Amino acid sequence: MRSYMRLGEVPRKRHMRVERDGRPVFEELFGREGFSGPSSLLYHLGMPEAVHDVAPGPDDTAEREQQQVHGHAHLEAWRLGPEGDAVSGRRWLLVNDDVRIGVAVPAHAQQILYVNASADEVLFLHRGAGTLHSQFGRLPLREGDYAVVPRGTIHRLELDDPSTSRLLVVECAGIVDSPDRYRARNGQLTEFAPYSERDVRAPVELESGEGPAEVWMKRGGRVTRYCLDQHPFDVVGWDGTVYPCALSVHDFEPRAGRFHVPPPIHQVFQAPNLVICNFVPRKVDWDPEAVALPYHHSNLDSDEVMYYAAGNYSARRGIQEGSITLHVGGVPHGPQPGALEASREAPRETDELAVMIDTFRPLHRTATARQVLDSRYPYSWHREAPRS
């Protein structure tokens, strides 16, 4: 997904001695999969590992509920009010060993630098805009953007107006990338991919930082406070293919068919044991005999999560902007009663905007999810659904 990028001053060859104003410049390999995966090289004015204090910080655990039944769920996540900042205010709702899914509704601006050392992060800016500041530079973000932040990236998300912002947060234990089938043999996105390298935005300008700095590092659900001797935004240059990037959901080019096409056609990212798709405004199923709705299906090998961002989702009732549905593996789901009949007169296009996450291992609801659970949802396919 990320092309080779170069920003600032880098030496002619890797691993060669570099000085600035008579003092050494420190090279840091920012690499995945040991020394054999994708990487970037960063050049710091200060030694990046120099610290003068290491202390425990707050835990970031997501307590799993002991669920009594295996069934579909609707989480009214829009009911979650402002709390903390873009990091401390995250509320985890659905988790397993591969992914954690939650929302952040910040109450105030993020001040502390943060690094996730356990997971790549995908931040979907449902509401709001701002700038992601990191050792790789400044990355402007706007509403509707996915920001993909590789693990190990020290960053601060500066939102233009935290009080009106809302984020979907997805932590992935493995590398987040474009789907394999979208890439040519040399890694380039192909002609039939729904987005291209032109749509993927990289940091545009290096940051500057001086003096000591405090960084909150999360690893394995535990946060540690590192007080660095030198600010990590002292990078004078870097190059490589590992860095934070942004992709607007509005730059995703949808695919449609004469008859209904399955969700993989809407995939935007992949990660180990999960996929991320987005449903965007598009033409749908234009054959006169086509059913302009998803067909009933059983995801036998996966759980399906849908975050509803905007528009009208005609197959589902009782949800609204900010809702999250979980359709569990092994149990059929599809259009609710009345949707099929209504679709016969519906226009052959949709204005829906939603993010879907399919996981290939079961998800567990958290204690926070229980607080916003719509207990009626599993019965919403029943013609006489129980009233609350």
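## The nonpolar cores

The largest nonpolar core in this predicted model has 55 residues, and L93, L94, Y195, F269, I276 and I324 touch the most other members. A nonpolar core here is a set of buried Ala, Val, Leu, Ile, Met, Phe, Trp, Tyr and Cys residues joined through side-chain atoms within 4.5 Å. Buried means under 20% relative accessible area, exposed means over 50%, and partly exposed is in between (1.4 Å probe, protein chains only). In soluble globular proteins, nonpolar side chains tend to be buried together.

What is Y195 in contact with, once its neighbours within four places in sequence are left aside? Y195 is in contact (heavy atoms within 4.5 Å) with M1, S178, P179, Y182, L189, V200, L247, D251, F252, V268 and F269. There's also a second, separate core of 17 residues, with L123, L125, V149 and V169 among them.

## How to read the numbers

Residues are numbered from 1 along each chain as its sequence is written, and side-chain values use heavy atoms, with hydrogens and water left out. Since the model is predicted, local features need pLDDT of at least 70 and side-chain atom pairs count only at pLDDT 80 or more, while totals for chains, interfaces and linings use all residues.

The largest pocket holds about 740 Å³ of space. To find pockets, a 1 Å grid is laid over the protein atoms alone: a pocket is an open set of points where a 1.4 Å probe fits, with protein on both sides within 12 Å along at least five of seven lines, and lining residues have an atom within 4 Å of a point. Grid points are joined across faces, edges and corners, and the volume is the space filled by probe spheres set on the points.

Its lining has 44 residues, and H260, F279, R282, P294 and Y313 lie nearest the pocket's centre. Elements that give two or more residues to this lining are β22 (274-279), β24 (303-310), α1 (339-343), β26 (349-350) and β27 (353-359). Helices (H or I, at least four residues) and strands (E, at least two) are DSSP runs, numbered from the N terminus. By type, the lining of the largest pocket divides into 23 nonpolar, 13 polar and eight charged residues. For this count, Ala, Val, Leu, Ile, Met, Phe, Trp, Tyr, Cys and Pro are nonpolar, Asp, Glu, Lys and Arg are charged, and the others, Gly among them, are polar.

The second largest pocket has a volume of about 580 Å³. Of its 26 lining residues, E28, F30, V115, G152 and I154 are the closest to its centre. Strand β4 (26-31) gives the most to this lining, with four residues.

## Aromatic pairs

How many aromatic pairs does a search of the whole structure find? There are eight. Rings of Phe, Tyr and Trp (its six-membered ring) pair if their centres lie within 6.5 Å; planes under 30 degrees apart count as stacked, over 60 as edge-to-face and the rest as tilted. F136 and W238 have ring centres 5.1 Å apart and planes at 85°, so they're edge-to-face. F136 sits in the loop between β12 (130-134) and β13 (137-141) and W238 in strand β19 (residues 235-240), so the pair ties together parts 102 residues apart in sequence. Both F136 and W238 are buried.

Y377 and W381 are another edge-to-face pair, at 5.4 Å centre to centre and 70° between the planes. Y377 is buried, with a relative accessible area of 2%, whereas W381 is partly exposed at 22%.
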